Amino acid sequence: MNVLFYKLKPMVFWPSRESIRKSLPPQFQEYPWRKTVSIIDCFELFIERPSSPNASAQTWSNYKSNNTIKYRISITPQGLISFISKRWGGRVSDKQITGESGYLTNLLPGDLVLADRGFDIPELAAMVGAEVKIPAFTRGKCQMTAHEIESTRKLAHVRIHVERVIGLLCGKYTILNGDLPVELLFVREGEELTTLDKIVTVCCSLVNLCDGIIL
């Protein structure tokens, strides 16, 4: 796994803005999607329940009703995985991961990021001059306006590709399925990444070597 990780990790990289815009798929060539450089989401992997109460609390996911490890993923409009974070406990919010994972350092002024409602991060992206589009919130409203409904529909149509990539990642590489042993979360002396981090990175690299999902 160490050899695979060091050989394949360069396959997960952030392309230049110019290279992204030169090869935009047709559904991203119309306004306002032309400025899209990243579509983001998080995915969670089930793990065995840690024996430590503190570790168990940090990895408990209310969304999954299980102990999980969460990863932050970004793809380009072409479907290339351009960023994968280190592991985070399932308890951590998507917003916190986005702010502390190093993802924002890749954005440039004028870039557009597409995200789900859980990524309420417009102010974080604004700090680097980027813009985030998320679906309209329905909380506190009787119903959405016609404009909000149409805008949300169009956003869902282009944002769904990141869910397709996650589905391919976890469906193709079954090592990521089931309750993963907590031993994969240990960090060896002198290293920053866990074995699970390396496995996830290798799987993401292999996905990037497969045929693209966006035509």
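Select isoleucine 69 and glycine 89: in this predicted model, isoleucine 69 stands opposite glycine 89 in strand E5. The strands that hold this pair, E3 and E5, run antiparallel and are joined by two bridges.

**Strand E3**

Now select residues 66–75, which make up strand E3. How many of its residues are buried? Ten of its ten residues are buried. Colour the two faces separately. One side has Asn66, Thr68, Lys70, Arg72 and Ser74, the other has Asn67, Ile69, Tyr71, Ile73 and Ile75, and all of these are buried. Here, buried means under 20% relative accessible area.

**The partners of E3**

E1 and E3 run antiparallel, with eight bridges joining them. To find one place where they meet, select phenylalanine 46, whose bridge partner in E3 is threonine 68.

Select tryptophan 60 to see asparagine 67 of E3 opposite. E2 and E3 form a hairpin with four residues between the strands, and serine 65 in this hairpin takes a positive phi near 50°.

Then go to strand E4, residues 81–84, which pairs with E3 in the antiparallel sense over three bridges. Which residue of E4 is the bridge partner of serine 74? Phenylalanine 83 is that partner. E3 and E4 also form a hairpin, this one with five residues between them. Select glycine 79 in its turn, where phi is positive, about 95°.

**The largest pocket**

Select Cys42, Glu44, Tyr63, Lys64 and Asp94, which lie nearest the centre of the largest pocket among its 21 lining residues. The volume of this pocket is about 500 Å³. Which element gives the most? E1 does, with five residues. Coloured by class, the lining shows nine nonpolar, five polar and seven charged residues.

**The second largest pocket**

The second largest pocket has a volume of about 230 Å³. Select Pro50, Ala55, Thr59, Ile69 and Leu185, the closest to its centre of the 13 residues that line it. Ile69 is the residue that began the tour, opposite glycine 89. Helix H3 (53–59) and strand E5 (88–89) each supply at least two lining residues. By class, this lining has seven nonpolar, five polar and one charged residues.

Note on methods:
Residues are numbered from 1 along each chain as its sequence is written. This is a predicted model: local features need pLDDT of at least 70, side-chain atom pairs count only at pLDDT 80 or more; totals for chains, interfaces and linings use all residues. Side-chain values use heavy atoms; hydrogens and water are left out. On a 1 Å grid over the protein atoms alone, a cavity is a set of points where a 1.4 Å probe fits but cannot get out, and a pocket is an open set with protein on both sides within 12 Å along at least five of seven lines; lining residues have an atom within 4 Å of a point. Grid points are joined across faces, edges and corners, and a volume is the space filled by probe spheres set on the points. Ala, Val, Leu, Ile, Met, Phe, Trp, Tyr, Cys and Pro count as nonpolar, Asp, Glu, Lys and Arg as charged, and the others, Gly among them, as polar. Buried means under 20% relative accessible area, exposed over 50%, partly exposed in between (1.4 Å probe, protein chains only). Two strands pair if DSSP finds at least two bridges between them.
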